[in-house]
Each structure stands twice: as C-alpha cells, then as structure tokens.
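Here is a short briefing on one protein chain. Look at the sequence and the model first, then read the points below.

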Amino acid sequence: MKAGDKDNAARFGLEPREHGRVCYSVPIDFNPFEAAMLLLRPGCECCDKDLPPDAQDARICSFECTFCAGCADGVLAGICPNCGGELLPRPRRPAAKLAANPASTQRVFKPAGCAKLASLA
Ligand SMILES: [Zn+2]
Ligand SMILES: [Zn+2]
C-alpha cells in the first residue's frame, strides 16, 4: 500500500485491512466534509442584504438559493422563487471551521424572481 494510505484511513476512522489487497469501505480520496459542505452564500438574492456565515436570519432552499428572513417570511412567504421549495433557516458554521472551510464569496442577486412574486401578492 502507498505511504499515505494509512494516514488517510486513520483520518476517516477506518481500519486498513492488509490481506493482500487494501480494502476500504469508502474511496480513499472521498472527503465527506467537502462533499457535503454548504456554500454559505454571502447575501440575499432578493434585496442583496449581507448574510455572513454566522447570520441568524439567513434562509435557504434545498438548492441553497439564499434569502434574508425579511424576504423569505415576507414577499416569498417561505417559498423559494427559483425552485418552489421550502425556505428554512440556514445552519451557521462555527467560526473555528470557517478558516479551513470558508464561506462562498460569490454573490447571487436576482431581484427579478422576487419582484414577480411581489406583483402577484
Ligand atoms: Zn432579502
Ligand atoms: Zn430554490
């Protein structure tokens, strides 16, 4: 086996089995943290309000369309204007984890979707 394999296995709490072939239950380059990480977009799509990673009023849908609580609970009535899914509070990432897993800085601002809903209300 390669030199780094044992360390990788230990990182994920796996016991490498050494009976001729190395066998793991997950691929060795699979990083569950990278794979499951939220983008934590920096602002509301409707009003462009800043929503830092520790914001308590950030709302997201399952695609991580991101809105502030004011827009989500107000004009959007809890429904994402892009996909029609539910908007729920976004979990906050502990500050200690942000250094290694920084939030997205890519701002998404699509006021058109929100304006459309507002005109229907
Ligand atoms: Zn907003
Ligand atoms: Zn959505």
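The points below go from the whole chain to single residues.

This is a predicted model: local features need pLDDT of at least 70, side-chain atom pairs count only at pLDDT 80 or more, and totals for chains, interfaces and linings use all residues. Residues are numbered from 1 along each chain as its sequence is written, while chains are lettered from A and ligands numbered from 1 in the order in which they are written.

**The whole chain**

- The protein chain holds 5 helices and 5 strands. Both are DSSP runs, numbered from the N terminus: helices are H or I with at least four residues, and strands are E with at least two.
- Along the sequence, the pattern reads α-β-β-α-β-β-α-β-α-α.
- The chain has 121 residues, and 21% of them are buried. A residue is buried if 20 or more other C-beta atoms lie within 10 Å of its own, exposed if 12 or fewer, and partly exposed in between; the C-beta atoms are placed from the backbone.
- Take the contacts between residues at least 6 apart in sequence: 49% of them join residues at least 24 apart. Two residues are in contact if their C-beta atoms, placed from the backbone, lie within 7 Å.

- In what order do the 3 strands of the open sheet lie? The order is 4-3-5, and the pairing is antiparallel.
- Strand 4 (66-68) and strand 5 (88-89) are the edge strands, since each pairs on one side only.
- Two strands pair if DSSP finds at least two bridges between them. Strand 3 (residues 58-60) and strand 5 are joined by 2 bridges and run antiparallel.
- Ile 60 has Leu 88 in strand 5 as its bridge partner.
- In general, strands of a sheet pair through backbone hydrogen bonds, either parallel or antiparallel.

**The nonpolar core**

- A nonpolar core is a set of buried Ala, Val, Leu, Ile, Met, Phe, Trp, Tyr and Cys residues joined through C-beta atoms within 7 Å.
- The largest such core has 16 residues. Those touching the most other members are Cys 44, Phe 67, Cys 68, Cys 71, Ala 72, Leu 76 and Leu 87.
- At least two core residues come from each of strand 3, strand 4 and helix 3 (69-73).
- Which residues does Cys 71 contact, leaving aside neighbours within four places in sequence? They are Cys 44, Cys 46, Cys 47, Leu 76 and Cys 114.
- In soluble globular proteins, nonpolar side chains tend to be buried together.

**Cys 65 and Cys 83**

- Cys 65 sits in the loop between strand 3 and strand 4. Cys 65 is buried because 22 other C-beta atoms lie within 10 Å.
- Beyond four places in sequence, Cys 65 contacts Glu 45, Ile 60, Cys 80, Asn 82 and Cys 83.
- Cys 65 and Leu 39 are 26 residues apart along the chain, with their C-alpha atoms separated by 10.0 Å.
- Cys 83 belongs to the loop between helix 3 and strand 5. Is Cys 83 buried or exposed? Cys 83 is exposed, because it has 11 other C-beta atoms within 10 Å.
- Not counting residues up to four places away in sequence, Cys 83 touches Cys 61, Phe 63 and Cys 65. From Cys 83 to Cys 65 is 18 residues along the chain, and 8.6 Å between C-alpha atoms.

- Lys 49 lies in the loop between helix 2 and strand 3. Lys 49 counts as partly exposed because it has 17 C-beta neighbours inside 10 Å.
- Leaving aside neighbours within four places in sequence, Lys 49 contacts Gly 43, Cys 44 and Cys 68.
- Lys 49 and Phe 67 are 18 residues apart in sequence, and 8.3 Å apart from C-alpha to C-alpha.
- Leu 40 is in the loop between helix 2 (32-36) and strand 3. Leu 40 counts as buried because it has 24 C-beta neighbours inside 10 Å.
- Leu 40 is not a glycine, yet its phi is positive, near 55°.

**Two alanines**

- Ala 77 is in the loop between helix 3 and strand 5. Ala 77 has a positive phi of about 55°, although it is not a glycine.
- With 10 C-beta neighbours inside 10 Å, Ala 77 counts as exposed.
- Ala 112 is part of helix 5 (residues 111-120). Ala 112 is exposed, with 10 other C-beta atoms within 10 Å.
- Ala 112 and Glu 45 are 67 residues apart along the chain, and their C-alpha atoms are separated by 9.3 Å.
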